Structure formats: C-alpha cells, structure tokens
Amino acid sequence: MQPRIIDFMSSVSKHQGHPYAVSFNQRSHKCNICGKYFTRKDNLQAHLKMHIEDPQYECKYCMKKFYRRDRWKYHVLQHKCI
C-alpha cells in the first residue's frame with residue numbers, strides 16, 4: 001500500500017470509535033425528493049426547505065443566493081478579502 005492510503009485507512013479506523021460517528025443504519029430519516037438520509041428529523045426538515053423554499057440570502061456582489069445564513073456570511077467575507 002502507498003503511504004497516503006495507509007494514512008487514510010488509519011484515519012477511518014480512528015473515527016469509527018468516535019462518539020459522534022454514526023453508521024448508515026442509524027440514519028432513518030430519508031428525504032423523499034433526493035433520497036438523502038439524516039440521523040435527526042429536524043435536520044431532514046431543514047434540508048427539505050432547500051427543495052421547497054426560495055433562498056433568503058443574496059450576495060450583493062455577485063447575486064449568488066443561499067439558503068443558510070452562515071454560508072452566505074462566509075461567502076460575502078470572501079468578496080471583502082479580495
């Protein structure tokens with residue numbers, strides 16, 4: 001094996017025992033529109049807004065639209081740094 005593959009495999013094995021690691025079987029909430037699975041119902045509900053609602057946040061520099069405020073803020077800051 002190449003060193004990068006070994007590093008990846010050891011990284012995966014370390015995270016499998018992590019308290020926040022979730023197996024695919026524990027993801028019981030499925031989006032009926034795109035098929036994506038979620039561990040919590042509230043995460044699924046937030047995800048469904050993406051399919052149903054129009055984005056609320058718009059970048060004043062490039063007019064790109066966002067569903068999430070945190071991602072919009074990060075994006076706008078990238079424009080200010082240029």
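Let's start with the largest pocket, which has a volume of about 390 Å³. Keep in mind as we go that this is a predicted model. How do we find a pocket at all? Rolling a probe the size of a water molecule over the atoms shows where empty space is left.

So who lines the largest pocket? There are 15 lining residues, and A46, H47, M50, Y67 and R68 are the ones nearest the centre. Helix 2 gives the largest share of that lining, with 5 residues. Strand 4, at residues 65-66, also supplies at least two residues, as helix 2 does. If you sort the lining by class, you get 7 charged, 5 nonpolar and 3 polar residues.

Now let me pick out one name from that list, H47. You'll find H47 in helix 2, which covers residues 41-52. Is H47 buried or exposed? H47 has a relative accessible area of 12%, and because buried means under 20%, it counts as buried. And what does H47 touch, once we set aside residues up to four places away in sequence? The answer is C31, C34, K36 and F38.

Next, please look at H75, over in helix 3. H75 is buried too, with a relative accessible area of 16%. Leaving out neighbours within four places in sequence, H75 is in contact with C59, C62, K64 and F66. If you have the structure open, click on H47 and its partners C31, C34, K36 and F38, then on H75 with C59, C62, K64 and F66.

While we're in helix 3, which runs over residues 69-81, let's stop at K80. K80 and Y61 are 19 residues apart in sequence, and their C-alpha atoms are 9.4 Å apart in space.

Let's turn to charges. Side chains of opposite charge can pair when their charged atoms come close. How many salt bridges does a search of the whole structure find? It finds 2.

In one of them, D42 pairs with R40, and the closest N and O atoms are 2.5 Å apart. Both ends are partly exposed: D42 has a relative accessible area of 38%, and R40 has 46%.

In the other, D70 pairs with R68, with 2.6 Å between the closest N and O atoms. Here D70 is partly exposed at 43% relative accessibility, and R68 is partly exposed at 39%.

Finally, what does the record say? UniProt, in an unreviewed entry, carries the annotation "domain: C2H2-type" for residues 29-56 and 57-79. Let's see what the model shows over those two spans. Residues 29-56 are 43% helix and 14% strand, with the end C-alpha atoms 25 Å apart. Residues 57-79 are 48% helix and 17% strand, and there the end C-alpha atoms lie 15 Å apart.

To wrap up, here are two things to find on your own screen. Then go to R68, which pairs with D70 in a salt bridge. Thanks, everyone!

Notes. Residues are numbered from 1 along each chain as its sequence is written. This is a predicted model: local features need pLDDT of at least 70, side-chain atom pairs count only at pLDDT 80 or more; totals for chains, interfaces and linings use all residues. Side-chain values use heavy atoms; hydrogens and water are left out. A salt bridge is a side-chain nitrogen of Lys or Arg within 4 Å of a carboxyl oxygen of Asp or Glu. Buried means under 20% relative accessible area, exposed over 50%, partly exposed in between (1.4 Å probe, protein chains only). UniProt positions are given in the numbering used here, feature names are shortened, and annotations may be inferred rather than shown by experiment. Helices (H or I, at least four residues) and strands (E, at least two) are DSSP runs, numbered from the N terminus. Contact means heavy atoms within 4.5 Å. On a 1 Å grid over the protein atoms alone, a cavity is a set of points where a 1.4 Å probe fits but cannot get out, and a pocket is an open set with protein on both sides within 12 Å along at least five of seven lines; lining residues have an atom within 4 Å of a point. Grid points are joined across faces, edges and corners, and a volume is the space filled by probe spheres set on the points. Ala, Val, Leu, Ile, Met, Phe, Trp, Tyr, Cys and Pro count as nonpolar, Asp, Glu, Lys and Arg as charged, and the others, Gly among them, as polar.
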